[in-house]
Amino acid sequence: MTNDLDSPETRYATSDGLSIAYQVFGSGTQDLVMIPPIVSHLDATWTIDLAYARMLRRLAQTFRVIVFDKRGQGLSDSF
């Protein structure tokens, strides 16, 4: 993230042949994995749910934050 308005780079990991979308950001020495709510979409989080995005940015000041889209949601492959 280069400034407060940018969203982090989306990356992909492979699990059972499917791509799982995730983002890693923040400057802390400890990792914090955020489990997404019932429905998630990494890109939409930064533009639609501004309160959640603000919370993630605050956490990134203390932690290295890892967020992901579950299988079949957002940018991750379907089952």
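Let's start with Arg-57: at 16% relative accessibility, it counts as buried (buried means under 20% relative accessible area, exposed over 50%, and partly exposed in between, with a 1.4 Å probe and protein chains only). Arg-57 sits in helix 2. Helices here are DSSP runs of H or I with at least four residues, strands are runs of E with at least two, and both are numbered from the N terminus. In sequence, Arg-57 and Ser-19 are 38 residues apart, and their C-alpha atoms are 25 Å apart in space.

A quick word on what you're looking at. This is a predicted model, where local features need pLDDT of at least 70, side-chain atom pairs count only at pLDDT 80 or more, and totals for chains, interfaces and linings use all residues. Residues are numbered from 1 along each chain as its sequence is written, and side-chain values use heavy atoms, with hydrogens and water left out.

Four strands make up an open sheet, in the order 1-2-4-3, with mixed pairing. Two strands count as paired if DSSP finds at least two bridges between them. Strand 1 and strand 3 are the edge strands, each pairing on one side only. From one strand to the next, the twist averages 30°. The axes behind such angles are lines fitted to C-alpha atoms (for helices, over the stretch in contact), and the angles run from 0 to 180 degrees between N-to-C directions.

Now for the pairs. Strand 1 (residues 11-15) and strand 2 (residues 18-26) run antiparallel and are joined by five bridges. Across that pair, Arg-11 stands opposite Tyr-22 in strand 2. Strand 2 also pairs with strand 4 (residues 64-68), again in the antiparallel sense and over five bridges. There, Phe-25 stands opposite Val-65 in strand 4.

What do strand 1 and strand 2 form, with two residues between them? They form a hairpin. Asp-16 lies in the loop between these two strands, and its phi is near 50°, a positive value in a residue other than glycine. Most residues other than glycine have a negative phi. Asp-16 is also exposed, with a relative accessible area of 70%.

Helix 2 (residues 50-59) has Ala-53, Leu-56 and Arg-57 buried. They cover an arc of only 100° around the axis, so they are on the same side of helix 2; the arc is that of the directions from the helix axis to the C-beta atoms.

Which elements do the buried residues of helix 2 pack against? They pack against strand 2, strand 3 (31-34), helix 1 (42-47) and strand 4. Helix 2 lies across strand 2, strand 3 and strand 4, and runs at about 165° to strand 3.

Take Ala-53 in helix 2: its relative accessibility is 0%, so it counts as buried. Leaving aside neighbours within four places in sequence, Ala-53 is in contact with Thr-45 and Trp-46, where contact means heavy atoms within 4.5 Å.

**A loop residue and some distances**

Ile-35 is in the loop between strand 3 and helix 1. At 66% relative accessibility, Ile-35 counts as exposed.

| Pair | Apart in sequence | C-alpha to C-alpha |
|---|---|---|
| Ile-35 and Lys-70 | 35 residues | 8.7 Å |
| Ala-53 and Pro-37 | 16 residues | 13 Å |
| Arg-57 and Ser-19 | 38 residues | 25 Å |

**The largest pocket**

About 210 Å³ of space lies in the largest pocket. On a 1 Å grid over the protein atoms alone, a pocket is an open set of points with protein on both sides within 12 Å along at least five of seven lines, and lining residues have an atom within 4 Å of a point. Grid points are joined across faces, edges and corners, and a volume is the space filled by probe spheres set on the points.

The lining of the largest pocket has 19 residues, and Pro-37, Ser-40, His-41, Thr-45 and Tyr-52 lie nearest its centre. Helix 1, helix 2 and strand 4 are the elements that give two or more residues to that lining. Helix 1 gives the largest share, four residues.

Notes. 1 Å grid on protein atoms, 1.4 Å probe; cavity = no way out; pocket = protein on both sides within 12 Å on 5 of 7 lines; lining within 4 Å.
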